[in-house]
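Colleague: I have a model open and would like to learn how to read it. Could you take me through its features one at a time?

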Amino acid sequence: MNAHHDDTIEVERYELSSPSTYLFEMERRTFLAIFGVLGSGLLVAATQARAQESGRGGERSAPTDVMAWIHVNEDGRVTGYTGKTEIGQNIRTSLAQAIADELHVPLDRVSLVMADTDLVPFDQGTFGSLSTPRMAPVLARAAATAREMLIDRAAERLGAPRASLRCDAGQIAGGGRSVTFGDLVKGRQLTGVVPADAPLMPRSAWKVRGTAAPKVDGRSFVTGEHRYTPDLTRPGMLHGRVLRPQGYTGTLATFDDSAARAMDGVTVVRDGNFAGVVAPSARVARRAAAAVKAEWTVPDGLPSSTTVYDHLQGRDRSPSGPSSTTAAGRGSTPTQTGDPAKARAAAARTFTATYRIPYIAHVPLEPRAAVAEWEGEKLTVWTGTQRPFGVRSELATAFRMPEERVRVIVPDTGSAYGGKHTGEHAVEAARLAKAAGRPVKVVWSRPEEFSFGYLRPAGVIEIAAAVDAEGRLTAWEFDNWNSGGSGIATPYDVPNVRTQFHPADSPLRQGSYRGLAATANHHAREMQMDAIARALGVDAVEYRLRHLTNDRLRAVLQAAAKAAGWPKPSVEGRGLGIACGTEKGSYIATAAEVSRTDNVLKVERLVVAYECGAIVNPDGLRHQVEGAVVQGLGGALFEAITFANGAITNGNMAKYRVPRFKDVAPMEVVLLDRQDLPSVGAGETPIVCVAPAIGSAARALGAVADALPVRFV
Amino acid sequence: MPSYTLRINGKAHEVEAEADDTLLSVLRDDLDLTGARYGCGEGQCGSCTVLVDNRAMRSCVARVSAVAKAQIVTIEGLATNGTLHPVQQAFLEVEAFQCGYCTSGMVMATVALLRTNPSPTDADIARALDRNVCRCGTHARIVKAVRLAAERLRAATPSAGADGRLPPSPLGFGVPSGEPALPRAAQEAQR
């Protein structure tokens, strides 16, 4: 399914580490164009953070890897330009904090232009928890460079020695005189490039970073004034709707649009397997789409949500044929240390299990939407996406035009969680706009979101572990079919390890999700560690610590255990469980307290200990941790896509339950601030241990299935 | 096409719509009042919540014909002369949102809750907002914001009666005495 599409985003989907592929020529032109538009001021181009690591006295040549730029205008206002998108994770605020801090200007004098492909340098996308570790230092370095350039100019202007000057609140003072940033750049076009050795403030000197700054533009959210993509209008804009098969797949077989064409102002578009309508209002578009008689043929023999696990392991195909031939070869090389098979043969006890992970949906409350507008040969699309440049590329490919003629603008978006990496809705709006000769808005319905977006991959995980006579792990074999390689490596010290990810042919469209496969891999691993500790009669925390040398992981595990009151639940009769792990450079331990009524599992209390290096915005970090944990509750307790015969059978919010107020247990978050370590992204990792904490807690009250969601058997 | 006069945020609006068109579509598409968001279209997520005769209502499942005689208040009508409603102010101060998409609905549902229950317990809040989905997981802060708003509203209106009912709305749209007669669609949406 979607074979071609899958190939194009495979790397990012599983690894989120594909190299940047943009052309510098374009960047420079854009850079100069911006400067042209802004007219005067100081413009500093920022290169990758790693430039600093190349050492002092690094190259001063033209930037070949511009990641962001900063402009100081004649009013002394500062604007940062970045391709990152604001999807609720609040980087519009935290990135502005980094700039304000280094430039010594009040936070309200800094704004960000984000994710407008005509105005910002290329960016891979907003995912992988990389904005804080990568983009914040880049902008900070650019701001620091701007500050130093301004101090140079001030020294000249004031005729005072550089060392005697003080930079504060957007002005530079010395020798009894002062000059504002605005005055220093007035009528000038100054450019700078961040040198490889650009000095950054030490963590101890942070004034704005490290504080809980209020969310930039927060007011526009409580007044409803903020315009998400579905709220945008353009002059002369029409409304589009795409015709869909009954299920998630199908080939357009018959098509009768006579009734729709007869409707006032309605245009019907048919292009291969694509069909859609355009109308003066969204309501008429809905009626017109309903008036088209279209039939779609659905292939036979598609897997269902019960047969999919055999399908992913290739067990539903003929035994002579190789399994998953199309996808095999990518990521399927095992990582091995020692000889696990031999160790298993010599072991005192072995523990094997097979864990099943279902597909789950992101359900961002803002559905996919796009407004497309053609002006001659130029296409502009407003859309909520985590990958503005990726969507630009999709549009350029779809309409066989150069990327320079496509502009993608991302309004601050109603969340994504990894679910908005692709731009099919943008292509749809652009196709309809092209046919209509007017701007067109397409807003997906919630059922469209479920059936035609993409899902977190389903997976099968097999673990074979072995222990010696003392109960120490001697072998660990871990095979993951389809859900992905993130977080697949065990952090525990085991002498003989084999780890393997087996890509498979997914019947449903699948892609990125908050935490990616780390959630599945952590669930299986931590549930298995818990099972082994239980079987050996060893305390689950103690058992883990015996196999852990990583101090950061030990620290969060011990912190969570302590805060949770391990090993006793706070109320008798409840179960207490714990899990820990590391992903994307940060460390997490989660403890859960659960109760059982008949077969119903209820989470009563959660304790999270988290460490992600130096904390930039403590309030924002807490927000991200709490949010990730709540999202994790859904996958742990009830989320699972069901499907059969080519259709998703619970594809709406009445049937697909996401966490609600009554599901959210009291939560205690312990943040370990490591000021001596670089900050790493925090939006994802806290999700990975929620399910195994709950699952192991539930085991105290009865046997549970080796599957997600957690349920008693 | 039939035409309706809708009373929204204290103003009358003439709109042409089919009887079964939803209030949400009229608000968003005809009147450009986009603060009520589309999230699910089936009354499940609460992003489209507005007040209809002071009761929280899912505008995505309310037929326009059923609310034609009602007083409708949307998020755009809460602030007065640029001063935020205490519930908005509390959400802003507590920063009870991440992406903000659910916020309009949360705020409107909270205004409705505090009108009938000025001193809600956490359990009352969870019950009242249970059908408003926050996908970003900001629940704890939303509860905090509701508590803060309740506190401030109580302080600002010491005359709240023993029945816990607040005096007429400071919004100036008039509050009918007693239990407002709810249109059927609104009652359905309440459930």
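Modeller: Start with chain B and its contacts. Residues 24 or more positions apart account for 64% of the chain B contacts that have a separation of 6 or more. Keep in mind that this is a predicted model.

Colleague: How many helices and strands does chain B have, and in what order do they run?

Modeller: Chain B has six helices and five strands. From the N terminus on, the order is β-β-α-β-β-β-α-α-α-α-α. As for burial, 54% of the 191 residues of chain B count as buried.

Colleague: What domains does the assignment give for chain B?

Modeller: Domain 1 covers 3-77 and domain 2 covers 86-156. Their centres, taken over C-alpha atoms, are separated by 21 Å. Domain 1 of chain B brings 15 residues to the contact, and domain 2 of chain B brings 13. On the domain 1 side, strand 3 (49-52) and strand 4 (55-58) of chain B each supply at least two residues. Strand 3 of chain B gives the most to that side, with three residues. By class, the domain 1 side divides into seven nonpolar, six polar and two charged residues.

Colleague: Take helix 5 of chain B. What span should its 18 residues have?

Modeller: At 1.5 Å a residue, helix 5 of chain B should span 26 Å. Its end C-alpha atoms are 26 Å apart, so the two agree.

Colleague: Which residues of helix 5 of chain B are buried?

Modeller: They are B:H139, B:A140, B:R141, B:I142, B:A145, B:V146, B:A149, B:A150 and B:L153. What do they pack against? In chain A, the partners are helix 18 (618-637) and strand 28 (667-672); in chain B, they are helix 2, helix 3 and helix 4.

Colleague: On to chain A. Which residues have the most contacts inside the largest nonpolar core?

Modeller: The general idea: in soluble globular proteins, nonpolar side chains tend to be buried together. The largest nonpolar core here has 257 residues, and those with the most contacts inside it are A:A46, A:I99, A:L139 and A:A560. Helix 5 (residues 131-158) of chain A gives the most to this core, with eleven residues. Look at A:L139. Leaving out residues up to four places away in sequence, A:L139 touches A:A46, A:A68, A:I70, A:G80, A:T82, A:L95, A:A98 and A:I99.

Colleague: What are the domains of chain A?

Modeller: The assignment gives three: domain 1 (3-214), domain 2 (229-299 + 368-443) and domain 3 (311-359 + 455-699). Between domain 1 and domain 3 of chain A, 23 residues of domain 1 are in contact with 25 residues of domain 3. Helix 1 (3-14), helix 4 (91-103) and helix 5 of chain A each supply at least two residues of the domain 1 side. That side has eight nonpolar, ten polar and five charged residues.

Colleague: How do strand 6 and strand 7 of chain A pair?

Modeller: Strand 6 (residues 171-174) and strand 7 (residues 177-180) of chain A pair in the antiparallel sense over four bridges. A:I172 stands opposite A:V179 in strand 7 of chain A. The two strands form a hairpin with two residues between them. A:G175 in the turn has a positive phi of about 60°.

Colleague: Is helix 15 of chain A mostly covered or mostly exposed?

Modeller: Mostly covered: 14 of the 19 residues of helix 15 of chain A are buried. A:G537 follows helix 15 of chain A and has a positive phi, near 70°.

Colleague: Finally, why does A:A563 count as partly exposed?

Modeller: A:A563 counts as partly exposed because it has 16 C-beta neighbours inside 10 Å. A:A563 sits in helix 17 (residues 551-564) of chain A. Not counting residues up to four places away in sequence, A:A563 touches A:V607, A:A609, A:E668 and A:V670.

Methods:
Residues are numbered from 1 along each chain as its sequence is written. Chains are lettered from A and ligands numbered from 1 in the order in which they are written. This is a predicted model: local features need pLDDT of at least 70, side-chain atom pairs count only at pLDDT 80 or more; totals for chains, interfaces and linings use all residues. A nonpolar core is a set of buried Ala, Val, Leu, Ile, Met, Phe, Trp, Tyr and Cys residues joined through C-beta atoms within 7 Å. A residue is buried if 20 or more other C-beta atoms lie within 10 Å of its own, exposed if 12 or fewer, and partly exposed in between; C-beta atoms are placed from the backbone. Two residues are in contact if their C-beta atoms, placed from the backbone, lie within 7 Å. The expected span of a helix is 1.5 Å times one less than its number of residues. Two strands pair if DSSP finds at least two bridges between them. Domain bounds come from an automatic or database domain assignment. Ala, Val, Leu, Ile, Met, Phe, Trp, Tyr, Cys and Pro count as nonpolar, Asp, Glu, Lys and Arg as charged, and the others, Gly among them, as polar.
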